[in-house]
Amino acid sequence: MKMEKELLSTQGRVPAVKSPGDPENARRINTALVLNSLRQEDLLSRVQIARRLRLSKMTVSAIVSDLISAEIVSEFGRGDAKETGGRRPILLTLDPASKFVVGVDIGTTNTVVAIGNLRGELVGKTRRPTTRNHAVEGIVEQVSSMLAETVGSAGVDGERILGIGLSVAGLVDRESGHILLSPDLNWHDVPIREILHAKTGREVVVDNCTRVMTLGERWYGGARNVRNLFYVNVGYGIGSAIIVNGEIYGRNSEFGHLFITQQPVRCDCGNLGCLEAVSSGQAIERMANEQLGTASQGWITVQQLAQLSRDGNATATSIFRNAGKYLGRAISVVANLYNPEKIILGGGVALAGDLLLDPLIEEYHRHVMSVIRDTTSIELSSLGIDAGVIGAAALALNSFVFQIEHINHLL
Ligand SMILES: [Zn+2]
């Protein structure tokens, strides 16, 4: 069962069960597989699902009929007659109005709360600056009131909400729901799942923000059909996540602390010359404020720096060039090491777009082996500013809908 859970966690590559020792269990596994097929493809006929899962049409029809009764799946138009050789088959889709989840993305600067439907589409969203001192109680209070407001404005029946997916920067113990350490928020061993559950009365699942963004990218973004991905989250700090053979690698990585420059810049971790000390949002803002001498007129942010660069400010452009160069160098190390099919760049700093990407790619090409360069693409996240909260909604859907053990609650 553990194996099945892990496999289903990102792709549902579990083989369908045909000759069950335990019919109830087989039915649950096959139902989860049908749901995951519809999640991956949006629209499928019963015949297409049966072929895809190598199940009989009768088995699939029985499962689909239960899912339709439970309003999880609905019929949606007709497909191509070529599939069946006769009548045009009825297409099925995950019902967008039946069940919902909440995505919560607690960032250092902004907190976002959104309601997502079964297809991962956001039907309501609230964004606010995160409470200033980052105290746990204050943030939980803020999330709870933003949640009530978002549910109200989206006009969603609270009874239909299955649970909350929470994305936070830092080291997360997913099993216990504790944030072990979040330097960005200055949190130490915070049992956030328990606290947020007590406050909202809802089930909560929590994971590290970069892993959450990677899941969002895998399900709804540029990594939908990518089985080997390196995802870089350039925000206040720098995080990364790895997908290997379709699965998000479960262990923590410290890409931001790769030694990348002889420059004597001190990183928050205590070491000299880390990537994060020269290419993170925090580092970019520090350099911008030092070099542009703007401290007296208020702190200059990455977004403002990007605007300055677009307006022709050479110092602003060189700060992005510098940050992009070191990112490109670090990414070339990873690409040479494990040759991913794709590299996606997300996070608040990546919103600077070409200002960061152009120097990054230039430096990356300088160092990556040509056999790897030719088979590995680099792009910016297509999910943009909502990447975190879309991922958080995917995390909740993954935990409360698409896992085998939740099937009984759904039906
Ligand atoms: Zn470091």
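Helix axes are lines fitted to C-alpha atoms over the stretch in contact, and the angle between two of them runs from 0 to 180 degrees between N-to-C directions. The close-up views below are all taken from a predicted model.

**View 1. Packing of helix α10 against helix α11 in the predicted model.** Helix α10, which covers residues 302–310, packs on helix α11, which covers residues 314–338, at an angle of about 120°, and their axes lie 7 Å apart. Angles of 65 to 115 degrees count as roughly perpendicular and those over 145 as roughly antiparallel, and α10 and α11 are therefore oblique to each other. The crossing in which α10 passes α11 is left-handed. On the α10 side the contact is made by L305, L308 and S309, and on the α11 side by A316, T317, I319 and F320. Sorted by class, the residues of this contact of α10 with α11 comprise 5 nonpolar and 2 polar residues, with no charged residues.

**View 2. Packing of helix α5 against helix α6.** Helix α5 (residues 136–154) and helix α6 (residues 192–200) meet at an angle of about 45°, with a separation of 10 Å between their axes. Because only angles under 35 degrees count as roughly parallel, α5 and α6 are described as oblique to each other. Here α5 passes α6 in a right-handed crossing. The contact is formed by V136, V140, V143, S144 and L147 from α5, together with I195, L196, K199 and T200 from α6. Of the residues in this contact of α5 with α6, 6 are nonpolar, 2 are polar and 1 is charged.

**View 3. Strand β12 and its pairing with β13 and β15.** Strand β12, residues 229–234, is mostly covered, with 6 of its 6 residues buried. The side chains of the strand are divided between two directions, L229, Y231 and N233 pointing one way and F230, V232 and V234 the other way, and all of these residues are buried. Strand β13 (residues 238–244) pairs with β12 in the antiparallel sense over 6 bridges, and a hairpin of 3 residues joins β12 to β13. Within this pairing, Y231 stands opposite A241 of β13. Strand β15 (residues 342–346) pairs with β12 in the parallel sense, over 5 bridges, and I343 of β15 is the bridge partner of F230.

**View 4. The open sheet formed by β8, β9 and β10.** This open sheet has 3 strands in the order β8-β9-β10, and their pairing is antiparallel. The edge positions are taken by β8 (171–173) and β10 (187–190), each of which pairs on one side only. From one strand to the next the twist averages 15°. Strand β9 (residues 178–182) and β10 are paired in the antiparallel sense over 3 bridges, with I179 standing opposite V190 in β10.

View 5. Since E71 has 14 C-beta neighbours inside 10 Å, it counts as partly exposed.

Technical notes: Residues are numbered from 1 along each chain as its sequence is written. This is a predicted model: local features need pLDDT of at least 70, side-chain atom pairs count only at pLDDT 80 or more; totals for chains, interfaces and linings use all residues. Helices (H or I, at least four residues) and strands (E, at least two) are DSSP runs, numbered from the N terminus. A crossing is left-handed if the near helix is turned anticlockwise from the far one by less than a right angle, and right-handed if clockwise. Two residues are in contact if their C-beta atoms, placed from the backbone, lie within 7 Å. Ala, Val, Leu, Ile, Met, Phe, Trp, Tyr, Cys and Pro count as nonpolar, Asp, Glu, Lys and Arg as charged, and the others, Gly among them, as polar. A residue is buried if 20 or more other C-beta atoms lie within 10 Å of its own, exposed if 12 or fewer, and partly exposed in between; C-beta atoms are placed from the backbone. Two strands pair if DSSP finds at least two bridges between them.
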